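The sequence and structure come before the details.

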Amino acid sequence: MNRPARLAAAVLTASMAVLMTACGSEGDGDSSPDPIKGADSGDGKTSASPSASTSPGSAKRPEIRLSKEFQADFENWTNSDPKLQAILNDGREQLRAKYAAVINADLSSEAVAFYSSEATQVSARKWIKQFVEDDDDIIGKVTAFNPKALISDTGSGVLFYCVDERQASTKNRKTGKVVKTPDKPESVLQYRTRLDKTSQGVWKTTSVTVVAGGCNR
């Protein structure tokens, strides 16, 4: 929320050129891209489980808990290809880890570090710090939908998805003041992320670009 719509405002752009090259796309980075060639947007009809323990791989994934006042729904977050499903799983948990860090006012969140590269940890912690310094919590609901995942020729994962923040708000922990996210197209965001797989099988997010108003809903 950018005071008031700040949930994604402080997520910094990183390596956009690399992302667009991996997707085989060209054009203005501020425009909504065409569907990713070769990507599968998922064939499920129910929201994915919020638990990270179901993700494949040898690494022990951290448990991420959100508060009762905040809900993150992931619609159709499934893919028939196990490799692409692994990207979806870890991409989902990277986003949930950041939400949980804000809720817990945890600037040194182990879950954020687990799912993010050193570069994306820097931008994520700057974003979290804004909430902590203002003593703000997040409440309400966000919905992540229309995921598109692929593995590029270089072996990196590419994950695009949309997040509708219009039902989310900030709530000051001391005063109780609630600031709602504006009910505007700009509050429906497109996330363009790149992920690289570690030796333990974790798809860490290595770059993130967020485009306000990049999705329709």
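## Hairpin of E2 and E3

The model is predicted. In it, strands E2 and E3 form a hairpin with five residues between them. Within that turn, Gly155 has a positive phi of about 95°. E2 covers residues 136-151 and E3 covers residues 157-172. The two strands are antiparallel and are paired over 13 bridges. One of the facing pairs is Phe145 with Cys162 in E3.

## E2 and its other partner

E2 also pairs with strand E1, residues 70-74. Here the strands run parallel and five bridges join them. Gln71 stands opposite Lys141 in E2.

How many of the 16 residues of E2 are buried? Twelve are, so this strand is largely enclosed by the rest of the structure. In a regular strand, side chains alternate between the two faces of the sheet.

## Phe160 in E3

Phe160 is a residue of strand E3. Its relative accessibility is 4%, and because buried means under 20%, Phe160 counts as buried. Between Phe160 and Thr209 the sequence separation is 49 residues, while their C-alpha atoms are 9.6 Å apart in space.

## Packing of H2 and H4

Helix H2 (residues 82-103) packs against helix H4 (residues 118-134) at an angle of about 30°, and their axes are 9 Å apart. Angles under 35 degrees count as roughly parallel, and H2 and H4 are therefore roughly parallel to each other. Their crossing is right-handed.

On the H2 side, the contact involves Lys98, Tyr99, Ala101 and Val102. These meet Ala124, Trp127, Ile128 and Phe131 in H4. By class, the contact of H2 with H4 has seven nonpolar residues, one charged residue and no polar residues.

With a relative accessibility of 36%, Ala105 counts as partly exposed.

How values were computed
Residues are numbered from 1 along each chain as its sequence is written. This is a predicted model: local features need pLDDT of at least 70, side-chain atom pairs count only at pLDDT 80 or more; totals for chains, interfaces and linings use all residues. Side-chain values use heavy atoms; hydrogens and water are left out. Buried means under 20% relative accessible area, exposed over 50%, partly exposed in between (1.4 Å probe, protein chains only). Helices (H or I, at least four residues) and strands (E, at least two) are DSSP runs, numbered from the N terminus. Two strands pair if DSSP finds at least two bridges between them. Axes are lines fitted to C-alpha atoms, for helices over the stretch in contact, and angles run from 0 to 180 degrees between N-to-C directions. Angles under 35 degrees count as roughly parallel, over 145 as roughly antiparallel, 65 to 115 as roughly perpendicular and the rest as oblique. A crossing is left-handed if the near helix is turned anticlockwise from the far one by less than a right angle, and right-handed if clockwise. Contact means heavy atoms within 4.5 Å. Ala, Val, Leu, Ile, Met, Phe, Trp, Tyr, Cys and Pro count as nonpolar, Asp, Glu, Lys and Arg as charged, and the others, Gly among them, as polar.
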